[in-house]
Each structure stands twice: as C-alpha cells, then as structure tokens.
Amino acid sequence: MASTNDLKNGMVLKLDGGKLWSVVEFQHVKPGKGPAFVRTKLKEVLTGKVVEKTFNAGVKVETANVDKRTMQYSYRDGDAFVFMDMDTYDQVPVSSAVVGDAAKYLLEGFEALVAQNDGAPLYVELPAAVELVIAETEPGLQGDRSTGGTKPATLETGAEIQVPLFVTTGEKVKVDTRDGSYLGRVK
C-alpha cells in the first residue's frame, strides 16, 4: 500500500478489482477552498487504455509489484515467444498477445525489457530503435534521390516498412520500434 502523496510516474497500481494501471502523469492540486487532491492519468497495463482519475490527497492505494528484467529473445515455440533471463538463464515463455507489435522487430538474440507481475508476463518493451537487414525491396532507379519518395521494403523479420528509394536489398537499416519508421542506414 502507498499513499497518493507518494505517486511517481511509472508506478503500477492495483485498482478496480485487481486491474493493473501504470501512472503516466500525476499532479498534486491544492485548491483555495476544499481539501487537496491528486489528479492522475493512468494507463491500463494489459490493454493500453488511458483514463484520468482523481484521488483525495493522502488516500491509500494498492501498489503492484512489477519486476522488469532485461531478457534475450531465444526462439518462437508455437504461440509463445521464449525469452531467457540474462541473470538466471531461466526460459520464460511469453504469449504472442503480450508481445504484440514488438514481434515485428524481434530477432533471435535481441534483448528486450520483460515486465512481470507475480510471474505472469505483462508486456515486452523493445529498445526505441533496432538495426535490421532489408530482406527484399524493389531496386532503385537511376536518378532516385534521398529527398524523393519512398517504397515498401520487407525486413528480415518479415515486417514491412517504407524506406527511401535509394535503399537496396541486403542493406542494414535502423528502424523505430514505436511506429515502424525508417531512421537511416547503418554502416
């Protein structure tokens, strides 16, 4: 249990009958009249739904113990992605529903942050950018410029992104894992 006065960004609360909510932002408000209160923006950990909630100052809220560890992606086993804990070498299966869009940018050996609550995986967080090889794209034509247009390219993971016209098959590129945008070539 923690007081609403102790809230911090990233803290995970257990509210509404056991649902896990992450504190996105909070603000302590002391109006001229009436008691102080805490205005928060909360994100449901499992669904990503964001809501605003107001608490009276000093009210006790239940906190959830979320264990975030850097793990290495090992292999895919049916519907599960298997990650290896870098400290204990334990194999942790994470369902594809929990991995979500991160699956588009996962290669064997990649490291990711895996958050767990009571041994159950909650979400997988990749680094902001990853380096992947272009598996297939149309060849560029003479006269294609870096300021021209874009073309579709398939990454080695199977995900499709838009790249500038001058990028060719076999090149290594940096990709933003949050929105799948092309960030540049890697030498």
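User: Which residue in strand 16 is the bridge partner of Val175?

Analyst: Tyr182 of strand 16 is the bridge partner of Val175. This is a predicted model, in which local features need pLDDT of at least 70 and side-chain atom pairs count only at pLDDT 80 or more, while totals for chains, interfaces and linings use all residues. Residues are numbered from 1 along each chain as its sequence is written, and side-chain values use heavy atoms, with hydrogens and water left out.

User: How many bridges join strand 15 to strand 16?

Analyst: Strands of a sheet pair through backbone hydrogen bonds, either parallel or antiparallel. Here, strand 15 (residues 172-176) and strand 16 (residues 182-185) run antiparallel and are joined by 3 bridges. Strands (E, at least two residues) and helices (H or I, at least four) are DSSP runs numbered from the N terminus, and two strands pair if DSSP finds at least two bridges between them. The hairpin of strand 15 and strand 16 has 5 residues between the strands, and Gly180 takes a positive phi near 75° there.

User: Which residue takes a positive phi in the hairpin of strand 13 and strand 14?

Analyst: Gly158 does, with a value near 100°, in a hairpin that has 4 residues between the strands. Strand 13 (residues 150-155) runs antiparallel to strand 14 (residues 160-164), with 5 bridges between them. Pro152 has Gln162 of strand 14 as its bridge partner.

User: In what order do the 5 strands of the open sheet stand?

Analyst: The order is 9-8-7-10-11, with antiparallel pairing. Strand 9 (91-95) and strand 11 each have a single partner strand at the edges, so one side of each lacks a neighbour in the sheet. From one strand to the next, the twist averages 45° (axes are lines fitted to C-alpha atoms, and angles run from 0 to 180 degrees between N-to-C directions). Strand 10 (residues 111-117) is joined to strand 11 by 5 bridges, and Asn117 stands opposite Ala120 in strand 11.
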